[in-house]
Amino acid sequence: MWNAEIYNRYGKERIQPSIDLVTRIREMKFQRILDAGCGTGMSTIPLVLAWKNAEIIGIDLSKEMLEKAKEILPAVSFIQRDCSKSLLDMGTFDLIFSNAFLQWLPNQEEFIASAFSMLNEKGIFAAQIPLFEEMPANQCVIKAEEIFADKFKGIEKDKYVLHSASEYYDMVAKCTDKIEMWITGYCHEMDNYGKILEFLRGAALRPYIDRLDEEEQKLFMDEVLKNLEAEYHYQENGKILFTFKRLFLVGQK
């Protein structure tokens with residue numbers, strides 16, 4: 001289950017990619033915007049600030065996340081929807097925005113094609129995707145899987161699904177030839193290894209935690225923590241640099 005409080009604990013780090021994605025398209029005019037996989041509304045905030053007069057709709061499957069989003073942005077329409085199913089009944093949009101969400105969909109190529117079919121002429125599809133599997137932290141988690149191998153059998157169906165930048169480009173290129181793509185590494189300053197673990201618990205570790213009881217969760221988290229300590233190192237000023245790679249895609253219909 002998603003925990004909105006844990007997810008929001010690193011709001012500053014999680015909202016910056018949304019801001020950067022919005023900045024790339026800020027000069028464009030949008031009347032109707034869909035924030036797909038809006039979560040707690042952090043990704044929606046930059047949209048509201050950039051296009052104050054637009055109709056903005058946020059959709060997400062998590063009731064808990066949406067409740068938090070409604071508290072933050074009461075003027076925005078937030079709707080509980082499963083984005084892995086057709087959204088065509090919602091009409092057309094000038095911008096379909098997706099921040100750190102696509103990886104949770106099993107049918108990402110189908111979603112992208114459907115999103116383009118829902119765009120008005122010259123509409124924009126804009127997405128940010130965390131490239132977690134290319135990070136050392138991912139290996140720290142994979143190594144920790146071994147202590148509960150029986151519990152994690154078949155976990156792939158519950159986990160995020162990440163493709164390469166090249167594969168995501170091909171998915172969008174099937175819908176348009178007007179594409180911008182870039183990768184950014186966000187260097188987060190962490191006070192200690194526990195802070196990195198807490199950051200990961202907000203999303204990447206969720207499928208694992210959901211399969212374990214309280215005692216097992218502690219053992220698993222301790223194992224991940226031990227692996228993080230071996231992989232990452234303190235800087236001279238006592239901080240740990242935790243670099244998080246993210247892929248950005250903008251396609252115009």
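## Basis of the report

Because the model is predicted, local features need pLDDT of at least 70 and side-chain atom pairs count only at pLDDT 80 or more, while totals for chains, interfaces and linings use all residues. Residues are numbered from 1 along each chain as its sequence is written, and side-chain values use heavy atoms, with hydrogens and water left out.

## Helix H7

Helices (H or I, at least four residues) and strands (E, at least two) are DSSP runs, numbered from the N terminus. In helix H7, which covers residues 165–173, the residues Ala165, Tyr168, Met171 and Val172 are buried, where buried means under 20% relative accessible area, exposed over 50%, and partly exposed in between (1.4 Å probe, protein chains only). Seen down the axis of H7, these buried residues fall within an arc of 120 degrees, so they line one face of the helix; the arc is that of the directions from the helix axis to the C-beta atoms.

The buried residues of H7 pack against helix H5 (108–117) and against strands S5 (119–130), S6 (179–190) and S7 (240–252), with contact meaning heavy atoms within 4.5 Å.

## Two residues with positive phi

Ala100 is not a glycine, yet its phi is positive, at about 50 degrees. Ala100 lies in the loop between strand S4 (93–99) and H5, and it counts as buried at 17% relative accessibility.

Lys122, also not a glycine, has a positive phi of about 65 degrees. Lys122 is found in strand S5 and counts as exposed, at 56% relative accessibility.

## Cysteines

The structure holds 0 disulfides, a disulfide being a pair of cysteine sulfur atoms within 2.5 Å. The sulfur of Cys38 has its closest cysteine sulfur in Cys83, 8.2 Å away, which is too far for a bond. Cys38 is buried, with a relative accessible area of 3%, and Cys83 is buried as well, at 5%.
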